[in-house]
Amino acid sequence: MKRKLIAAIGVAGMVIGLAACGDSDGKGGDGKASEAKELTVWLTVDAQKNWPELVKAADDAVVAKHPGLTVKHEYYGWPDKNAKLDAVLATDKAPDVVEMGNSEMIGYMSTGAFAEIDPSKFENSAAWLDALKESVTYDGKTYGVPYYAGGRVGTWRKDIAGEAGVTAAPKTWAEYTSALDKIQAAKGDKFSALYQPSPDWYAAMSFVYDAGGAIAKKDGDKWKGTLSSPESLKGLKQYKELLDKYMHADKTKDESDRPVVFGQGNSAAIFAAAWEGGTAATPENDKVGGLTDKLENFVQPGPNGKNLPVFLGGSDLAVPAKSKAKDVAAEWINVFTGAQGQKGLIGKGNLPNNKTDLGPLKADPKTQVAATAAESSWFVPTASGWGQIEKAKILQTMLRDLGTGSKSVEEAAKAADAEIDKVINTK
């Protein structure tokens, strides 16, 4: 759900952020700010649709420091963005700033497509959220700046919970499973107390990391799949137990239409991106009636005594190595992602890129759940072949197999490790 903008972002506020960046060295050697006459910024349509005023404020602040500079923008949808970027990076017409999904960064960092940056020249870099910092780091060097984050939370129908005798959102795993047991018993086996699509690897891997496991780990200078380790298997079995007990819908489907399904009223709870509950309650998806007032978010408890660590989705901003305006690109990023920019992004319903701004959100009832959940997070292996793992849908195949029972957890995990090992070290 989008929240109202909590602060108007003006040029004066944004200019403050320029001081932190100053006349950066760019770590790229060329493209000095004083020489740049044009800056090309590629963002996704999210910025174009949801916070164009923040983009303009960053433009205005940088142009105020560099009179005569022209800032050009191109906006892309997520499905076609990387194909266009790959094509232009093969030429001498590279953009100067590009937005990347945080798990997309790895393949570009590992091949030298992005310029190294000095994180100390960016506001709040010392307080970047752990998972976001990982997403812009490769072999100990920094190649991007976290832009914003989106966490995952538990969301449930408090009316259904109340009918089953549950009066408060769960804070522990025992409370969570007890509530789901009561809801499932009250609603019958055609109803899903928890709608959890099996192939949703963002959810499943939260259980793996909660149990001390990992998708893969580095062994010397090579990465190896570790989903069949004892710790990972423990987490996968805990995930499968949830599926077996509470998920009574199609276990082969992915999570892409989860808000639509949740809005149909045949399930009581989800563990999903924080915006999904609100999307389920929109007029086009709400088949229950008055769903907005029936939903409640909570920090998802994990089975091992802690809040379940979440994958922090979100975006990073990077400067292509072929940019001819690296320094002014760094200045633009610093303004856009700095303190004033983060204030604006928070007002648009996003989580900040840093722990400093996260603190006040934990004290605000409207943002407390998402902010608290974001404190415990995990990130994918920063291996050069990670993109190949995502492209081949290795994790989704494993989870579909264990969810439907076509393979045991051990068999599915072993097969996934074998497939991961084939591609994880490729460039």
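# Exercises on a predicted model

The second largest pocket holds about 230 Å³ of space. A pocket is an open set of points on a 1 Å grid over the protein atoms alone, where a 1.4 Å probe fits, with protein on both sides within 12 Å along at least five of seven lines. The volume is the space filled by probe spheres set on the points.

This is a predicted model, in which local features need pLDDT of at least 70, side-chain atom pairs count only at pLDDT 80 or more, and totals for chains, interfaces and linings use all residues. Residues are numbered from 1 along each chain as its sequence is written, and side-chain values use heavy atoms, with hydrogens and water left out.

**Exercise 1.** Describe the lining of the second largest pocket.

*Solution.* Step one: look for the residues closest to the pocket's centre. Of 14 lining residues (those with an atom within 4 Å of a point), these are Tyr138, Asp139, Lys218, Trp223 and Thr382. Step two: find the elements that give two or more residues to this lining, which are β4 (137-138) and β9 (222-225). Strands are DSSP runs of E with at least two residues, and helices are runs of H or I with at least four, numbered from the N terminus. Step three: sort the lining residues into 4 nonpolar, 4 polar and 6 charged. Here Asp, Glu, Lys and Arg count as charged, Ala, Val, Leu, Ile, Met, Phe, Trp, Tyr, Cys and Pro as nonpolar, and the others, Gly among them, as polar.

**Exercise 2.** Work out which residues of α8 are buried and what they pack against.

*Solution.* Step one: list the buried residues (under 20% relative accessible area with a 1.4 Å probe, protein chains only; exposed is over 50%, partly exposed in between). In α8 they are Trp173, Tyr176, Thr177, Ala179, Leu180, Ile183 and Gln184. Step two: look down the axis of α8; the buried residues fall within an arc of 155°, so they line one face of the helix. The arc is taken from the directions from the helix axis to the C-beta atoms. Step three: turn to the face away from the buried side, where Ala174, Ala185 and Ala186 are exposed. Step four: find the packing partners of the buried residues, which are β7 (152-157), α7 (158-163), α9 (201-210), α10 (230-246), β10 (269-273) and β11 (295-298).

**Exercise 3.** Describe the surroundings of Glu276.

*Solution.* Step two: check its relative accessibility; at 6%, Glu276 counts as buried. Step three: leave aside neighbours within four places in sequence, and Glu276 is in contact (heavy atoms within 4.5 Å) with Arg258, Pro259 and Ile270.
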